[in-house]
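Here is a short report on one protein chain.

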Amino acid sequence: MISQGLDLSLKQELKISTQLLQTMETLSLSTEELREKIRKEAELNPAIIVHDDTTSYDSLANEYRLRTDRREFYSDDSPFAPEDREDTNWMEGMVSSKETLQQHLLAQLGMMHLDDDTAKTAETLITALDKNGFFPLAPELLVKEDEQPYVASAVKAIQSMEPDGVGARDWRESLILQAKSKGMKDGELKLFHSFVYNELEKMKAGKTDQVSRDLGIDSAETKALYAFLRTLTPFPGRRYGSEFEQYIIPELSIKKDSEGVLRLVLNRNAIPLVEIDPAYTEMAEAFKNDKSAEGKETEKFVKDKINAASSLIYQLEMRSSTLEKTGAVLMEKQKDFFLNGPRYLKGLTMQEVAAAIGVHEATVSRIAASKYIDTDYGIYPIRALFSNKVESTDGENYSKNAVKEIISEIISSNTTGKPLSDQKISDILAERGIKAARRTVSKYRHELDIESSFTRST
């Protein structure tokens with residue numbers, strides 16, 4: 001538990017951070033979560049006008065079912081849309097997913113550059129997670145003896161996955177993990193940790209002043225911490241494997257036009273337009289020179305509401321701007337992928353994209369979270385376009401997924417009359433300048449659900 005008295009620098013850090021928390025949170029929200037945030041803020045703030053001309057989610061769902069009946073979408077177990085889809089209408093870019101939490105995490109595990117032992121241990125731990133996304137027992141008790149040395153690195157890998165907060169022991173630890181993913185660190189994180197573990201019952205009982213004294217901060221800062229906490233999800237795994245379908249509308253589209261040139265489009269219709277009610281602006285001006293107590297009180301109320309509305313508009317503009325800039329860099333860095341398909345996905349880190357648009361890596365991580373991009377080859381999570389680089393001798397930049405595509409092609413195009421061993425595939429890759437050891441080929445083959453040479457016919 002932290003000291004009762006926080007030093008001045010920590011208080012200043014917290015005050016600065018509270019101004020950024022809402023923007024950080026807005027960056028990381030999915031489309032549906034952001035729509036809900038706008039709805040709630042509009043209910044509480046009469047100065048906010050929401051122009052929502054987007055088709056309702058129910059209508060989108062009905063449209064999806066009609067298209068499913070016409071077999072224009074993949075089956076429910078596929079996270080992507082069909083490759084031969086030519087219509088660029090956003091309605092065509094909606095995906096329904098009944099993906100389980102384990103499937104979602106294992107897909108991400110397959111994209112990580114981990115050693116085989118850590119990956120195997122992480123797979124064991126993922127399958128043991130409960131419906132909340134938590135470990136039912138200490139991770140060390142969930143793995144075999146030979147996996148014990150890799151538990152720490154495996155847990156770290158799982159906790160870096162989406163949704164934020166998975167791989168925790170309980171909901172309190174999950175909240176701390178989510179706060180870290182949103183950029184909290186150092187003294188601020190220690191303060192939030194103490195708040196979560198020691199003060200929540202008092203906050204629920206309305207004892208804000210007592211909590212403030214315990215933490216050594218003022219009531220405004222305490223309320224800001226509580227508001228931030230309410231943006232988090234105590235049970236992150238529950239959004240998966242439910243009986244309800246989840247509908248995904250991509251916010252970015254990068255596709256070839258009729259002349260084969262890539263075009264980036266930000267789907268502005270996915271998020272309602274928010275404006276400040278002109279009547280409130282006029283009211284603020286009208287009470288500007290009213291010196292009466294009632295006039296001053298009214299002016300303060302109106303200004304507070306206008307400031308809150310302006311803050312929300314700023315957050316939305318920052319989110320759209322950052323998302324569009326990120327898309328532009330992805331279009332440049334992953335040009336071959338958007339032109340030619342998944343096999344040509346290059347290794348790319350969030351740090352590289354952050355440097356290109358002049359923001360912190362954590363900002364790119366947040367903007368990539370829970371958002372999707374529509375391409376000529378299907379709909380992908382934006383995070384899927386980031387991948388570790390695979391070493392090559394020809395100067396080419398290969399992503400792990402690209403190497404997996406090449407392995408799949410090598411196996412399917414084999415005409416020797418006998419199945420290729422993992423070592424032989426490794427040798428063929430080496431001839432192409434791609435360094436992939438036999439055990440790496442074996443790992444990728446398993447991730448592709450391709451049987452070994454002993455059991456397959458080609």
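Leu 252 has Ile 373 as its bridge partner in β7. The model is predicted. β4 and β7 (residues 372–375) run parallel and are joined by three bridges. Both belong to an open sheet of four strands, ordered β5-β4-β7-β8 with mixed pairing. On average, neighbouring strands here are turned by 20° against each other, direction ignored. α12 packs on this sheet and touches β4 and β5. The direction of α12 makes about 165° with that of β5.

Ile 373 also matters to the packing count. Together with Ile 382 and Phe 386, Ile 373 has the most contacts inside the largest nonpolar core, a set of 26 residues.

α14 gives the most, with four residues. Leaving out residues up to four places away in sequence, Ile 382 touches Leu 252, Leu 323, Leu 330, Ala 368, Lys 371, Tyr 372 and Ile 373. A second, separate core has 20 residues, among them Ile 176, Ala 179, Met 184 and Val 211.

Now the whole chain. The secondary structure comes to 18 helices and 10 strands. Of 458 residues, 45% count as buried. Among contacts with a separation of 6 or more, 68% join residues 24 or more positions apart. The chain exposes about 23,700 Å², and carbon and sulfur atoms supply 50% of it.

Key. Residues numbered from 1 in each chain as written. Predicted model: local features only at pLDDT ≥ 70, side-chain atom pairs only at ≥ 80, totals over all residues. Heavy atoms only, no water. Core = buried A, V, L, I, M, F, W, Y, C linked by side-chain atoms within 4.5 Å. Buried < 20%, exposed > 50% of the residue type's maximum accessible area, 1.4 Å probe, protein only. Helix = DSSP H or I, 4+ residues; strand = E, 2+ residues; numbered from the N terminus. Contact = heavy atoms within 4.5 Å. Areas by Shrake-Rupley, 256 points an atom, 1.4 Å probe, with all protein chains shown as cover. Pairing = 2+ DSSP bridges. Axes fitted to C-alpha atoms, helices over the stretch in contact; angles between N-to-C directions.
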